[in-house]
Amino acid sequence: MERIILHLDMDYFFAQIEERENPQFKGKPIVVGADPKEGKGRGVVSTASYSARKYGIHSALPISKAYELCPNAIFLPVNMELYQKVSENIMEIVKKYSPKWETVSLDEAYLDVSFLKGYKGTKRGATSFPRKGEEGGGGVGVLAEKLKKEILEKEKLTCTVGIGPNKLIAKMAAEKAKPRSELCSTTGAKPNGLLIIKPNQVEKFLEPLDIEDLPGIGPKTAEKLRIIRINKIKELKKLSKAKLKDIFGVVGETIYERARGIDEEEVIPEEIIKSIGKEHTFERDTRDPEIIFKTFDEIIEEIGRGLSSANFSFKTITVICRFSGFETHTKSKTEPRPLKMGGAKVKMRMKSSLPTLKNPTQDFEILKSESKKLLLKFLIENPKPIRLIGLRVRIC
DNA sequence: AAGTTCTTATTAC
DNA sequence: CTAACGGTAATAAGAACTT
């Protein structure tokens, strides 16, 4: 059964919201992210407006570097509450367009519009890709334009939409439609795009793209492929499934399928959260136990709060520690699974296991004591100054 | 030998 | 001097450890 999947991607989301809230910033370089602290900040850029991108500023760039590239940019802190609210408003609009929708992140969503017949405003329903001579106009294109228009009118924000026969192609179409960086030369240019890839166009669409444009291929995988002279998806397709599996395991098989535009992933309403965590980077590396444990206590409290709102019980505790030089390590402890045994008596619990969890209050005490034990081990066995500490728990 | 747990690596937003 | 590099979450792989 052929599907029609739509991917919605808000344009420079955080920065665009700030621009909307402060019209005097319009067209100016806006950088939403960590405090640059006169170039000494340790965080990164969350989102940069397109006029900021002209200076080479982009998401995930160290904020110190961004400051260096454009000290006069408008640097704003991340106002997550606001972005969350705006995101909810947008999702309210999105889900009106199909009962089969999925939120990916604050600024991204998928819609499966395969079964949407006779959608209002389209002559023959949204269930079709455009026919000859109506590129961007007929069928699902009309629906997409309507969605874009509604978001613009209600939220005053632009977005880019990609459409294809599956999630993979829809996402890549949106990515392609939105010139990633400085390609928009006009000040304050907004991508505001729409790209439809029909099933018979998938091959032609994919082959000239860079391997790193394929979701799942990041810098590391791309580097390995480049060594063997594979730069474009077309070249990637020359590798057999077995070969890819040899090099990259399960991921390799996925890459094989994706390079051919094959993706059967369903649009699913909600993912179940499997773990929650919190981490903190110090302003400067430290060995001061006061600072370290005070911060860690706050992290524990925070996780405790998160847990209590979600049923409060966990299986595994992982403590993360990053030392000077970005050297990162983890230590974890897992509660033993209920020992199902052939009628014998209860076995002694292993020394290395977590005590059995009973109720929220006790869970919290265990979380506190066990996580601190793990952190302490780090301090004992590694004398380096500490850059970051974190805590993560697997929920059960 | 099989099943768990621990740790690291990679990806993505 | 070539690095500068947050926070949150998922998943895979292999080693180490238990049963």
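Predicted model: local features only at pLDDT ≥ 70, side-chain atom pairs only at ≥ 80, totals over all residues.
View 1. Residues are numbered from 1 along each chain as its sequence is written, chains are lettered from A and ligands numbered from 1 in the order in which they are written, and side-chain values use heavy atoms, with hydrogens and water left out.

Lys 28 sits in the loop between helix H1 (13-21) and strand E2 (30-33); helices (H or I, at least four residues) and strands (E, at least two) are DSSP runs, numbered from the N terminus. Lys 28 counts as partly exposed because its relative accessibility is 41%, where buried means under 20% relative accessible area, exposed over 50% and partly exposed in between (1.4 Å probe, protein chains only). Setting aside neighbours within four places in sequence, Lys 28 is in contact with Ser 49, Ser 51 and Ile 74; contact means heavy atoms within 4.5 Å. Asn 72 is 44 residues from Lys 28 in sequence, yet the C-alpha atoms of the two are 9.7 Å apart.

**View 2. The protein surface around DNA strand C.** A residue is near the strand if one of its heavy atoms lies within 4 Å of it. Sugar or phosphate makes up 80% of the atoms of DNA strand C within 4 Å of the protein, and the rest belong to bases.

A backbone N or O atom of Arg 42 lies 2.5 Å from a phosphate oxygen of DNA strand C, and for a backbone N or O atom of Val 250 the distance to a phosphate oxygen of DNA strand C is 2.6 Å. Arg 387 uses its side chain instead, with a polar atom 2.8 Å from a phosphate oxygen of DNA strand C.

Helix H3 (63-69), strand E9 (275-286) and strand E12 (386-395) each bring at least two residues to this surface, and E9 gives the most, with seven. Sorted by class, the surface near DNA strand C has ten nonpolar, eight polar and nine charged residues. Here Ala, Val, Leu, Ile, Met, Phe, Trp, Tyr, Cys and Pro count as nonpolar, Asp, Glu, Lys and Arg as charged, and the others, Gly among them, as polar.

**View 3. Helices H4 and H5 packed together.** H4 (residues 80-94) and H5 (residues 140-155) pack at an angle of about 145°, and their axes are 10 Å apart. The axes are lines fitted to C-alpha atoms over the stretch in contact, and angles run from 0 to 180 degrees between N-to-C directions. From H4, Val 86, Asn 89, Ile 90, Ile 93 and Val 94 meet Leu 147, Glu 150, Ile 151, Lys 154 and Glu 155 of H5. That contact has six nonpolar, one polar and three charged residues.

**View 4. Lys 331, a buried lysine in strand E11.** Lys 331 belongs to E11 (residues 328-334) and counts as buried because its relative accessibility is 17%. Its side chain makes a polar contact of 2.7 Å with the side chain of Glu 381. Beyond its neighbours within four places in sequence, Lys 331 is in contact with Ile 317, Thr 318, Val 319, Leu 374, Lys 377, Phe 378 and Glu 381.

**View 5. Two loop residues with positive phi.** Most residues other than glycine have a negative phi. Lys 156, though not a glycine, has a positive phi of about 55°. Lys 156 lies in the loop between H5 and strand E7 (159-164), and it counts as exposed because its relative accessibility is 55%. Phe 326 has a positive phi too, near 70°, and is found in the loop between strand E10 (314-323) and E11.

**View 6. Helix H6, largely enclosed.** Eight of the eleven residues of H6 (residues 167-177) are buried, so the rest of the structure largely encloses this helix. The buried residues of H6 are Lys 167, Leu 168, Ile 169, Ala 170, Met 172, Ala 173, Ala 174 and Ala 177. At the start of H6, a side-chain oxygen of Asn 166 reaches to within 3.1 Å of the backbone nitrogen of Leu 168.

Definitions and conventions. Polar contact = N/O pair within 3.5 Å; in protein donor to acceptor, adjacent residues only side chain to side chain.
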